[in-house]
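I opened my notebook to look through one chain, entry by entry. Each entry starts from something I wanted to look up.

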Amino acid sequence: MGSRKHIKETNQYFTVEEAIDHLGFGPFQVWLTVLAGLAWMVDAMEMMILSILTPALSCKWHLTSLEEASISTMVFFGMGVASPFWGKTCDLYGRKFGLILSSFLTFYFGLLSAFSPRLIWMIILRGLTGAALGGSTQSVTIYIEFLPLTYRAKAIVLLEVFWALGSCFAVMVAIPVMPTLGWRYQLVFCSLPLLIFTLICYWLPESPYYYMASGQSEKALRVIERVAKVNGRSMPVGELVTRKTDVERGRFCEIFNNTYRRTTVLLFIIWLVCAFSYYGIVLATTEIYKAITESHGECS
């Protein structure tokens, strides 16, 4: 009560962005880096498994090149179709809700994939897994919204370390599992970390930006106070308010207006090239290995 009375007497104001910058990068952000990194790791495992799964199924089910490619294609198709849905859902119900739901559904459909009796079921379930994966980027959204402006570039690049670790972990699991237990157990073992992460999300804070945008300023203030307590910093003086702006927000078409059109197109091109190069190399490497093993008669 005393602090609230002091706020009213000072007649000062601060926004969420100003509060986050004031509180700096501290133990709270380090803890959040680990949580967001875990999300990135488990998602990387689900993506990396494509390069492990399709060659194994090709040998087991004697798939054609088109059938083999359809398994990987459906994952990306599901992600592309579902991503707008996840964006809208997280804007309406919160980043934390979207991330928990996405993680659980990815675990659920990933686990069901292990019980696929034939190709058509594998294609359907991997497509649903991809659709669920479309919401996984909310871990990065939450992470960014707790970072001071001066740390964002460095911290986001740091998350790529966790992606690399997740990819390596999927391969490490495959080394003993694939030759002995088979691809079904590989899918099970790579899905279980998603369930663990879903449970850990209970301690994940909701974004104060979302709370302010949805008119829940008291909850936003409590989250900021939590950050201040963990970081050992004092709260900024004043009352938490929403930054006034004349720009309309929340509509997809806004990213193509005169102000953002060039940036949007450039980012689309950059992301397209990066994704094409990364997944092209990863999937092509397994195709080369498969061709070598088949030439030696190792695929039965």
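What share of the contacts with a separation of 6 or more comes from residues 24 or more positions apart? I looked it up: such residues account for 79% of those contacts in the chain. Contact here means heavy atoms within 4.5 Å.

**Entry 1: ground rules**

The model is predicted, so to speak plainly of its limits: local features need pLDDT of at least 70, side-chain atom pairs count only at pLDDT 80 or more, and totals for chains, interfaces and linings use all residues. Residues are numbered from 1 along each chain as its sequence is written, and side-chain values use heavy atoms, with hydrogens and water left out.

**Entry 2: the whole chain**

I listed 12 helices and two strands. These are DSSP runs numbered from the N terminus, with helices (H or I) of at least four residues and strands (E) of at least two. From the N terminus, I read the order as α-β-α-α-α-α-α-α-α-α-α-α-β-α. Then I checked burial. Of the 300 residues in the chain, 43% are buried. Buried means under 20% relative accessible area, exposed means over 50%, and partly exposed lies in between (1.4 Å probe, protein chains only).

**Entry 3: helices H8 and H9**

Two packed helices are described by the angle between their axes and the distance between the axes. I started with H8 (residues 152-180) and H9 (residues 183-200). They pack at an angle of about 145°, and their axes are 9 Å apart. Axes are lines fitted to C-alpha atoms, for helices over the stretch in contact, and angles run from 0 to 180 degrees between N-to-C directions. The crossing of H8 and H9 is right-handed. A crossing is right-handed if the near helix is turned clockwise from the far one by less than a right angle, and left-handed if anticlockwise.

Which residues meet? From H8 I noted Ala 170, Val 173, Ala 174, Val 177 and Met 178. From H9 I noted Trp 183, Tyr 185, Gln 186, Phe 189 and Cys 190. By class, this contact has nine nonpolar, one polar and no charged residues. Ala, Val, Leu, Ile, Met, Phe, Trp, Tyr, Cys and Pro count as nonpolar; Asp, Glu, Lys and Arg count as charged; the others, Gly among them, count as polar.

**Entry 4: helices H4 and H6**

Next I took H4 (residues 65-93) and H6 (residues 119-133). Their angle is about 30°, with the axes 6 Å apart. This crossing, too, is right-handed. On the H4 side, the contact includes Ile 71, Met 74 and Trp 86. On the H6 side, it includes Met 122, Arg 126 and Gly 130. I sorted the contact of H4 with H6 by class: 12 nonpolar, four polar and two charged residues.

**Entry 5: rings**

I found 14 aromatic pairs in the structure. Rings of Phe, Tyr and Trp (its six-membered ring) pair if their centres lie within 6.5 Å; planes under 30 degrees apart count as stacked, over 60 as edge-to-face and the rest as tilted.

How are the rings of Trp 61 and Trp 183 placed? Their centres are 5.6 Å apart and their planes are at 80°, so the pair is edge-to-face. Trp 61 is in helix H3 (residues 27-61), Trp 183 is in H9, and 122 residues separate them. Trp 183 counts as buried, at 8% relative accessibility.

I also looked at Tyr 202 and Trp 203. Their ring centres are 5.3 Å apart with planes at 90°, so this pair is edge-to-face. Tyr 202 is exposed at 62%, and Trp 203 is exposed at 52%.

One aromatic cluster is formed by Phe 104, Phe 107, Tyr 108 and Phe 109.

**Entry 6: single residues**

Is Leu 57 buried or exposed? Leu 57 is buried, with a relative accessible area of 0%. I placed Leu 57 in helix H3. Leaving aside neighbours within four places in sequence, Leu 57 is in contact with His 62, Leu 63, Ile 71, Met 122 and Trp 183. Leu 57 and Trp 183 are 126 residues apart in sequence, yet 7.9 Å apart in space, C-alpha to C-alpha.

Val 282 is in helix H12 (residues 261-295). Val 282 is buried at 18%. Beyond four places in sequence, Val 282 is in contact with Met 48 and Ser 51.
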